[in-house]
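I opened this notebook to keep track of what I looked up in one structure.

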Amino acid sequence: MCKVSNLFPADLSIHNIRNYLVGLNKKVTLLDGSQKQYIFFDNAASTPTFTFIRDAVNEMLEWYSGVHRGAGIKSLVATKAYDDSREVVAKFVNANLDKNTIIYTKNTTEAINKVANRLNLTKDDVVICSLMDHHSNDLPWRKYATLIHADINDDGSLNLSDLEDKMKKYQSRLRLVAITGAANVTGLINPIHQIAELVHQYNSKILVDAAQLIPHRKIDLKPDDNPQHIDFLVFSAHKMYAPFGTGVLIGPKEVFEKGDPDYVGGGTVNLVTENEVEWTHLPDKEEAGTPNLIGAVALAAAIQMLDKIGMDNVAKHEMELTKYAYDKMNNLNGIEFLGQRNFSSLRISLEF
Ligand SMILES: Cc1ncc(COP(=O)(O)O)c(C=O)c1O
């Protein structure tokens, strides 16, 4: 099997990557029947993919077979590709797989629902999210626990002192602070490590919804014994150029080792008798049914592509584009800014 890295052009960089975007020159038909070049502005929802990720997928399709299911060569290749992808993910965010597990889901939403379910929360438990969080990082907590919202400031940024006040107020019941890494509405970035440190002082855990952060900034979970460590990280591959149906949940093994998995069935068990079930090891225990091989291969290829370009270059380029857009919009009449009017005051710096 060809290694994904061989699929990248040697001179691939942030400056020429646009040429490899799938669907870049797509024309669409207008109401008057004319054809127009389509400009895609919806990357925060889902990104298109790149030719080399499509090539990696096409190559894997020739080997497509059941993962963890067979002894045939195709099944062995498929299983290795699937399992190897987790190592790629772990390296990308500096996850320690001795203590943590990487569970593949459909998307961020499913990953958050899984954590909410598997934490065995009750209505006596408090989870704090914020008013800048996506519904996917809000509704699952409401379902299982008492959810408290930290406030936001007038410019849309997180009100850190309100967050701390609420941690203090509910500290005896606080099980988790679930916070977005970057807001999907404003693009503002939260100081996740500063928040993690605070959360740990209150003997609680932090979940970072990285759906919007992961394609834009280098994320480092930091060692488990570091007070700034991120306990749970969730994100979606379709927002990072791999739209083939994979989501990622990284979290402490001890949480998922306890109790029954939320979905049960094939792949989750070591042994089943008529009356007994012995659950298998992680992460398989939490990935019921035939896994999404293609999604995992695409995700690994996308991560390797981002690594080749360098997340620092991605972040710098995004800052330049944002500054450019701000400068141009500031010179237009009739534009009302919701939040900061000045680029320099925005909470979207390279460091967080
Ligand atoms: C910040 C944030 N969190 C969670 C989600 C949910 O992601 P998904 O639809 O991939 O589950 C989104 C989607 O836009 C998002 O922007």
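**Entry 1: the model**

I note at the start that this is a predicted model.

**Entry 2: α1 and α8**

I looked up how helix α1, residues 51-61, meets α8. Their axes come within 9 Å and cross at roughly 145°. I recorded the crossing of α1 and α8 as right-handed. On the α1 side I listed Phe52, Ile53, Ala56, Val57, Met60 and Leu61. On the α8 side I listed Leu293, Ile294, Val297, Ala298, Ala301, Ala302 and Met305. I then sorted this contact by class and found 13 nonpolar, no polar and no charged residues.

**Entry 3: α5 and α6**

Next I turned to helix α5 (residues 160-169) and helix α6 (residues 192-201). They pack at an angle of about 20°, and their axes are 11 Å apart. Angles under 35 degrees count as roughly parallel, so α5 is roughly parallel to α6. The crossing of α5 and α6 is right-handed. From α5, the contact uses Leu160, Leu163, Glu164 and Met167. From α6, it uses Gln194, Ile195, Leu198 and Val199. By class, I have six nonpolar, one polar and one charged residues for the contact of α5 with α6.

**Entry 4: the nonpolar cores**

Which residues touch the most other members of the largest nonpolar core? I found Leu233 and Met305, out of 80 residues in that core. Helix α8 (residues 293-309) gives the largest share of this core, 12 residues. I also noted another core, apart from this one, with 21 residues, including Ala111, Ile112, Val115 and Ala178. My course notes say that nonpolar side chains tend to be buried together in soluble globular proteins.

I then followed Met305 on its own. Leaving out residues up to four places away in sequence, Met305 touches Phe8, Leu12, Ile17, Phe50, Phe52, Ile53 and Tyr241.

**Entry 5: Ser34**

I found serine 34 in the loop between β1 (27-29) and β2 (35-37). Beyond its neighbours within four places in sequence, serine 34 is in contact with Val28 and Thr29. I also checked serine 34 against methionine 305: they are 271 residues apart along the chain, and their C-alpha atoms are separated by 36 Å.

**Entry 6: Gly265**

Glycine 265 sits in the loop between α7 (253-257) and β10 (269-272). With 33% relative accessibility, glycine 265 counts as partly exposed.

**Entry 7: backbone notes**

Is the peptide bond from leucine 282 to proline 283 cis or trans? I have it as cis, with omega near 0°. Proline 283 is in the loop between β11 (277-279) and α8.

Asparagine 94 has a phi of about 60°. Asparagine 94 lies in the loop between α2 (73-93) and β3 (100-105), and at 41% relative accessibility it counts as partly exposed. Lysine 222 has a phi of about 65°. Lysine 222 lies in the loop between β7 (205-209) and β8 (232-236), and is partly exposed, with a relative accessible area of 22%.

Technical notes. Residues are numbered from 1 along each chain as its sequence is written. This is a predicted model: local features need pLDDT of at least 70, side-chain atom pairs count only at pLDDT 80 or more; totals for chains, interfaces and linings use all residues. Side-chain values use heavy atoms; hydrogens and water are left out. Axes are lines fitted to C-alpha atoms, for helices over the stretch in contact, and angles run from 0 to 180 degrees between N-to-C directions. Helices (H or I, at least four residues) and strands (E, at least two) are DSSP runs, numbered from the N terminus. Angles under 35 degrees count as roughly parallel, over 145 as roughly antiparallel, 65 to 115 as roughly perpendicular and the rest as oblique. A crossing is left-handed if the near helix is turned anticlockwise from the far one by less than a right angle, and right-handed if clockwise. Contact means heavy atoms within 4.5 Å. Ala, Val, Leu, Ile, Met, Phe, Trp, Tyr, Cys and Pro count as nonpolar, Asp, Glu, Lys and Arg as charged, and the others, Gly among them, as polar. A nonpolar core is a set of buried Ala, Val, Leu, Ile, Met, Phe, Trp, Tyr and Cys residues joined through side-chain atoms within 4.5 Å. Buried means under 20% relative accessible area, exposed over 50%, partly exposed in between (1.4 Å probe, protein chains only).
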